[in-house]
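Please find below a few numbered remarks for a colleague who is meeting this structure here.

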Amino acid sequence: MNFQSSRRRGEEGIAVVIDFLLSNARLVLGVGGAALLGIATLAVKRLIERAGRAADDEKVEQKMAESWEELSLVSASPTLIRKGIEGVVMKHVAKATKQQKADLCQQPQMLDVQTKPESKSKRLQLCALTLQERLQQYYHTRAALSAQEVQRAQSVALDICTEIQGFLHSRHPDMPLGDMRLGGSLLDDLQVVSADHACLLVPLQLESSLWRLIPGEETLLTHPLHWMVRRINLEYFPKGRSYWDRYLVGGYLSAEAVVNMFSKAVMETVNWPSISSTLDCIVRPVLGGPDLRLEIRPGNAFEGAESDYQPLFVSMLPLLSEGDVVLTAQPELTSPWVNAWHLSLYPWETQRLAQLDAADNGYRKHTLKILKAVCRQNPALRPLKATPLANLILHLSDSESDWSETSLDVRFQQCITELIGYLEQGALHSYFKPAVNLLSGLSEDQVDQMGFMFYCAVSEPEILLI
């Protein structure tokens with residue numbers, strides 16, 4: 001690899017540096033496409049900034065700024081760079097820069113083409129905000145939900161819960177069920193952006209003398225989150241003594257059979273038009289999926305605002321509980337094992353976060369909601385769900401004790417750095433079950449895209465808050 005220095009000034013000199021980094025950085029660094037562009041971009045930016053400070057000619061500085069904008073646009077496509085078609089990218093960049101040139105301070109206005117451009121003073125005011133102020137602003141405008149919105153969603157979900165429980169008691173009076181209740185992020189104030197989903201917990205009641213919950217490590221599946229429920233004491237209490245014996249498969253209570261039963265007994269049987277008229281909303285079952293889900297939209301009384309109303313999806317979740325162990329029937333997580341139940345770590349994670357924040361009046365929950373909103377609103381980061389983010393904060397809490405409001409910006413940047421490390425390793429282990437890799441469901445391309453975004457955010461974390 002030979003690189004001869006050039007004495008050309010202005011745009012020609014910068015072009016040589018950029019071409020060199022884009023064409024040879026992969027050989028020098030030996031890392032993935034995402035890391036390549038993240039590091040190369042930062043290096044070129046610093047080089048241009050140093051050259052800009054030293055230059056006396058305003059035209060040279062302007063050309064340097066334009067070169068940096070071109071490189072920023074190139075960095076938006078790490079997949080193309082990785083495939084070795086840099087020339088094609090540079091041609092598209094040349095066209096794109098003629099149509100649109102903006103700095104970081106103007107990007108929030110560019111994202112919404114329907115909003116009116118703000119005045120120059122407002123843009124300067126936005127640029128003047130510190131990261132701490134931007135995070136607080138983002139939390140209140142994007143992440144946090146209004147009390148009215150949460151209350152409305154909870155009220156609708158509880159009304160649906162009452163209707164379903166009444167129907168099951170009347171049609172299946174012998175089915176041993178506990179009281180259905182609301183659960184999940186909507187109840188725990190962990191939902192972000194919009195209150196668009198809720199979870200109804202349906203507890204199944206099992207006879208302790210007839211059933212045994214078996215940890216995943218003790219089963220043939222050897223998966224710590226895949227538990228099984230064995231029917232015991234058959235020699236003294238033959239099949240038929242328990243209501244749930246009818247859903248046995250190979251001597252174990254089948255989670256898939258239980259879900260199929262509720263699908264037929266509730267989703268396909270309930271008179272939803274009648275319930276819709278009673279609740280003054282449109283309730284429709286979402287059929288064909290692995291979960292038990294309802295879609296709720298406003299009724300005729302809200303037709304004028306229906307275009308602005310986010311539909312609410314309510315999921316029914318059958319579960320078993322014994323002590324602090326909660327098993328859920330979620331075939332989409334335990335497939336292809338029809339007998340497996342999923343060990344839910346959500347109660348443990350939520351409780352641990354609440355305990356830590358209560359002990360030091362910390363902002364861990366605050367940070368989690370910001371990260372969730374960032375990932376939900378960024379298409380490249382959308383595959384990163386709430387569970388890995390919650391475990392990231394729990395791991396970080398073991399080494400960092402200051403989670404006060406004043407350190408929110410430091411912890412946010414640290415979370416970005418930690419996520420880069422986990423993505424490079426391809427593993428983020430569960431806080432309560434270290435054998436579980438919470439990143440195992442991500443594809444290589446998804447990891448590359450997320451790694452690239454976080455690498456860019458190391459020097460400019462504000463790009464995640466646009």
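1. The second largest cavity of this predicted model holds about 30 Å³ of space, and the residues that line this cavity are Leu145, Val150, Ser185, Leu186, Asp189, Leu190 and Gln191. By class, the lining of the second largest cavity is made up of four nonpolar, two polar and one charged residues.

2. A search of the whole structure finds two cavities of 30 Å³ or more, and the largest cavity contains about 50 Å³ of space. Its lining consists of Leu371, Val374, Cys375, Phe412, Cys415, Ile416, Leu419, Phe454 and Leu464, and the elements that give two or more residues to this lining are α14 (364-377) and α16 (408-425). The largest share, four residues, comes from α16; by class, the lining of the largest cavity has nine nonpolar residues, with no polar and no charged ones.

3. Twelve salt bridges are counted in the model, and one of them joins the side chains of Arg376 and Asp196 at 2.3 Å, N to O. Because Arg376 belongs to helix α14 and Asp196 to the loop between β1 (181-183) and β2 (197-203), this pair ties together parts that are 180 residues apart in sequence. Arg376 is partly exposed, at 28% relative accessible area, whereas Asp196 is buried, at 10%.

4. Another salt bridge brings together the side chains of Glu217 and Lys433, at 3.6 Å, N to O. This pair links distant parts of the chain, since Glu217 is in the loop between β3 (211-214) and β4 (226-231) and Lys433 is in the loop between α16 and α17 (444-459), 216 residues apart. Glu217 is partly exposed, with a relative accessible area of 44%, while Lys433 counts as buried at 17%.

5. Between strands, the side chains of Glu295 and Arg284 meet in a salt bridge of 4.0 Å, N to O, with Glu295 in strand β8 (residues 292-298) and Arg284 in strand β7 (residues 281-286), eleven residues apart. Glu295 counts as buried at 14% relative accessibility, and Arg284 is partly exposed at 38%.

6. The side chain of Thr328 makes a polar contact with that of Gln330, at 2.7 Å, and, leaving aside neighbours within four places in sequence, Thr328 is in contact with Leu317, Pro318, Leu319, Trp341, His342 and Ser344.

Notes: Residues are numbered from 1 along each chain as its sequence is written. This is a predicted model: local features need pLDDT of at least 70, side-chain atom pairs count only at pLDDT 80 or more; totals for chains, interfaces and linings use all residues. Side-chain values use heavy atoms; hydrogens and water are left out. A polar contact is a pair of N or O atoms within 3.5 Å; within protein, one must be able to donate a hydrogen and the other to accept it, and residues adjacent in sequence count only if both atoms are side-chain atoms. Contact means heavy atoms within 4.5 Å. On a 1 Å grid over the protein atoms alone, a cavity is a set of points where a 1.4 Å probe fits but cannot get out, and a pocket is an open set with protein on both sides within 12 Å along at least five of seven lines; lining residues have an atom within 4 Å of a point. Grid points are joined across faces, edges and corners, and a volume is the space filled by probe spheres set on the points. Ala, Val, Leu, Ile, Met, Phe, Trp, Tyr, Cys and Pro count as nonpolar, Asp, Glu, Lys and Arg as charged, and the others, Gly among them, as polar. Buried means under 20% relative accessible area, exposed over 50%, partly exposed in between (1.4 Å probe, protein chains only).
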